Amino acid sequence: MKTAVIVFPGSNCDRDMAVALETVTGRAPAMVWHRETALPDGTDFIALPGGFSYGDYLRSGAMAARSPILRAVADAAARGVPVLGVCNGFQVLTEAGLLPGALMRNAGLNFVCRTVSLTVENSQSLFTAAYQAGETIDIPVAHHDGNYFADAATLDRIEGEGRVAFRYLDGVNGSARDIAGVLGDAGNVLGMMPHPERAIDRAHGGTDGLRLFEAALGVLA
């Protein structure tokens with residue numbers, strides 16, 4: 001199993017993501033700088049971590065989405081390679097057009113940093129197969145621009161196609177329909193604002209995020 005973490009200037013959760021991937025696979029991921037133009041040969045799983053790429057200049061994720069490595073990420077996703085974008089990574093995936101919608105400033109304009117409860121909406125994807133549909137899990141959030149927005153037609157479409165992966169149990173940031181995580185149309189791309197990599201160790205508060213990595217990486221094992 002060969003995994004990769006894409007690192008942007010301003011990433012600050014890349015090491016947390018690397019620890020999560022190594023915990024599950026037993027192998028340290030490649031840390032791929034955003035200026036690279038290719039992924040390591042044989043990469044089986046790609047993660048875009050949280051942080052503040054380019055200081056959130058223009059819009060969160062807007063500049064990072066134009067980084068050279070995103071072309072390789074898009075090509076890999078088109079081939080079926082799983083891609084996980086967490087927090088800023090979710091923002092980058094929407095800005096790059098790999099996921100629908102956009103992430104705006106939180107309702108109330110406050111930075112939200114706490115553990116929140118999510119409902120698992122789709123348990124049939126490769127990322128969520130270790131959960132039960134309707135299950136409640138607890139995952140930390142830490143963001144200022146996590147308010148998911150899409151027009152009504154797009155929201156209806158992704159709901160109808162089962163592409164809402166997670167939903168906030170209680171209002172957290174003003175996201176449309178309380179959406180916390182969205183799947184790509186082929187099911188191998190997931191963007192989510194909560195941080196599953198911060199929920200893999202009971203000593204750190206819980207392990208509800210661990211199952212996401214076990215499911216996604218176990219499928220390819």
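Student: Let's start with the pocket: how does the lining of the largest pocket divide into nonpolar, polar and charged residues?
Tutor: The lining of the largest pocket has 8 nonpolar, 3 polar and 2 charged residues, where Asp, Glu, Lys and Arg count as charged, Ala, Val, Leu, Ile, Met, Phe, Trp, Tyr, Cys and Pro as nonpolar, and the others, Gly among them, as polar. A pocket here is an open set of points on a 1 Å grid over the protein atoms alone, where a 1.4 Å probe fits, with protein on both sides within 12 Å along at least five of seven lines, and lining residues have an atom within 4 Å of a point. Please keep in mind that this is a predicted model, in which local features need pLDDT of at least 70 and side-chain atom pairs count only at pLDDT 80 or more, while totals for chains, interfaces and linings use all residues. Residues are numbered from 1 along each chain as its sequence is written, and side-chain values use heavy atoms, with hydrogens and water left out.

Student: Which residues lie nearest the centre of that pocket?
Tutor: Leu98, Gly184, Asp185, Ala186 and Val189 do, out of 13 lining residues. Helix H2, residues 69–78, gives the most to this lining, with 3 residues; helices are DSSP runs of H or I with at least four residues, strands are runs of E with at least two, and both are numbered from the N terminus.

Student: Switching topic, what is the order of the strands in the open sheet?
Tutor: The 9 strands follow the order S2-S1-S3-S4-S11-S10-S9-S6-S7, with mixed pairing, and two strands pair if DSSP finds at least two bridges between them. Strands S2 (30–33) and S7 (136–143) stand at the edges with a single partner strand each, so one side of each has no neighbour in the sheet.

Student: And how many bridges join S6 to S9?
Tutor: There are 3, and S6 (residues 112–120) and S9 run antiparallel, with Leu118 having Tyr168 in S9 as its bridge partner. S9 also pairs with S10 (residues 179–183) in the antiparallel sense over 3 bridges, and there Arg167 has Ile179 in S10 as its bridge partner.
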